[in-house]
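Please look through the sequence and the model below before reading on. The paragraphs after them go through the structure one part at a time.

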Amino acid sequence: MKENLKIALVQSHLAWENAVQNRSMFTKKIRTISEDTDLIILPEMFTTGFTMNAAEVAESMEGDTLCWMKEMARETNCAIVGSIVVREENKYFNRLIFMFPNGVYETYDKHQLFTLAKEQEVYTAGQKEVIVEYKGWKIKTLICYDLRFPVWARNTSGYDVLLYVASWPKRRIGAWDTLLRARAIENMCYCIGVNRIGLDGMGYEYNGHSAIYDVLGKSILQDTPIEKDSILYATLEASNVKTTREALPFLADRDDFKLL
């Protein structure tokens, strides 16, 4: 397991339902990353914004965005993560792609669909827990509204990092801040949340607050939330997870159950 995993969080405004413009924008941002980085994380539906117009914007798993992710991962020699709208077998998915530098990828389909926006009427819910192994780290991938459901995130499989990509609106940002910290504490893991900023095509405002919390819920970014277009850098330390879990073996007392 690599001792230090170096992360870049890309918190950005998104052009509404314009994949070409968003890919171009993220290409420019990613190419400014000068620090030694292992993992680059983009927001939920990073090519379109959080849209219910799936039929108009969906891509296949051989589409332009997958090709772009492969190229950017190869160019930067970093893993790249974000979710997009995918069409598969006449169904639509809010699908997270974890793209490795060698072009291999793993996927997670959002499980808890956001009923307030009638997401469940457009998209099909994923039913599988996904834990990605990258450089010896076990990373559980989740999307936005999943954050409100602790059972779906529960650390029953010994992961080291809980990762959320999101389009979480400003009006409920207090819940985002609190729940990210809670997920880190209760699961004895690093918890990462990457959110967008700006207005979307429906008039909803987003103000970022992308964050990383350590095993005890301490922020490893600056204490004041970031609400502007930013690339945020952090280093995760394997020793922090190991030594804290050994000193405080709270996970040993968790209930015995299995996720689907």
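**A walk through the model**

Phe-26 is buried, with a relative accessible area of 0%. Buried here means under 20% relative accessible area, while exposed means over 50% and partly exposed lies in between (1.4 Å probe, protein chains only). The structure is a predicted model, in which local features need pLDDT of at least 70 and side-chain atom pairs count only at pLDDT 80 or more, whereas totals for chains, interfaces and linings use all residues. Residues are numbered from 1 along each chain as its sequence is written, and side-chain values use heavy atoms, with hydrogens and water left out.

Phe-26 is part of helix α1. Helices (H or I, at least four residues) and strands (E, at least two) are DSSP runs, numbered from the N terminus. Helix α1 covers residues 19-30, twelve residues, and spans 16 Å from its first C-alpha to its last, close to the expected 16 Å at 1.5 Å a residue. The expected span is 1.5 Å times one less than the number of residues in the helix. Which residues of α1 are buried? They are Ala-19, Asn-22, Arg-23, Met-25, Phe-26, Thr-27, Lys-29 and Ile-30. These buried residues pack against β1 (4-11), β2 (39-41), α3 (64-76), β3 (79-88) and β13 (230-237).

Contact means heavy atoms within 4.5 Å. Leaving aside neighbours within four places in sequence, Phe-26 is in contact with Val-10, Ser-12, Leu-14, Leu-42, Pro-43, Phe-46 and Trp-68. Phe-26 and Met-69 are 43 residues apart in sequence, and their C-alpha atoms are 10 Å apart in space.

Next come the sheets. Strands of a sheet pair through backbone hydrogen bonds, either parallel or antiparallel. Two strands count as paired if DSSP finds at least two bridges between them. Six strands form an open sheet with mixed pairing, in the order β5-β4-β3-β2-β1-β13. Strands β5 and β13 stand at its edges with a single partner strand each, so one side of each is left without a neighbour in the sheet. From one strand to the next, the twist averages 30°. Angles run from 0 to 180 degrees between N-to-C directions, and axes are lines fitted to C-alpha atoms, for helices over the stretch in contact. Within this sheet, β1 and β2 pair in the parallel sense over three bridges, and Ile-7 stands opposite Leu-39 in β2.

Ser-230 is found in the edge strand β13. At 9% relative accessibility, Ser-230 counts as buried. Not counting residues up to four places away in sequence, Ser-230 touches Leu-9, Val-10 and Gln-11. The side chain of Ser-230 also reaches the backbone oxygen of Lys-228 at 2.9 Å.

Another open sheet has five strands in the order β6-β7-β8-β9-β12, again with mixed pairing. At the edges stand β6 and β12 (211-213), each with a single partner strand, so one side of each is left without a neighbour in the sheet. Neighbouring strands of this sheet are turned by 20° against each other on average, direction ignored. Strand β6 (residues 131-134) pairs with β7 in the antiparallel sense over four bridges, and the bridge partner of Val-132 in β7 is Ile-139. Two residues lie between the strands in this hairpin, where Lys-135 takes a positive phi near 55°. Strands β7 and β8 (residues 161-165) run parallel and are joined by five bridges; in β8, Leu-162 is the bridge partner of Lys-140.

Is strand β7 largely enclosed or left open? Six of the seven residues of β7 (residues 137-143) are buried, so β7 is largely enclosed by the rest of the structure. Helix α5 (residues 173-187) lies across β8, β9 (190-194) and β12, and runs at about 155° to β9.

Last come the nonpolar cores. A nonpolar core is a set of buried Ala, Val, Leu, Ile, Met, Phe, Trp, Tyr and Cys residues joined through side-chain atoms within 4.5 Å. The largest has 54 residues, of which Leu-9, Leu-39, Ile-41, Phe-98, Ile-139, Ile-212 and Leu-236 touch the most other members. Apart from this core lies another, of 22 residues, among them Val-10, Met-25, Ile-40 and Phe-46.

Terms used: Polar contact = N/O pair within 3.5 Å; in protein donor to acceptor, adjacent residues only side chain to side chain.
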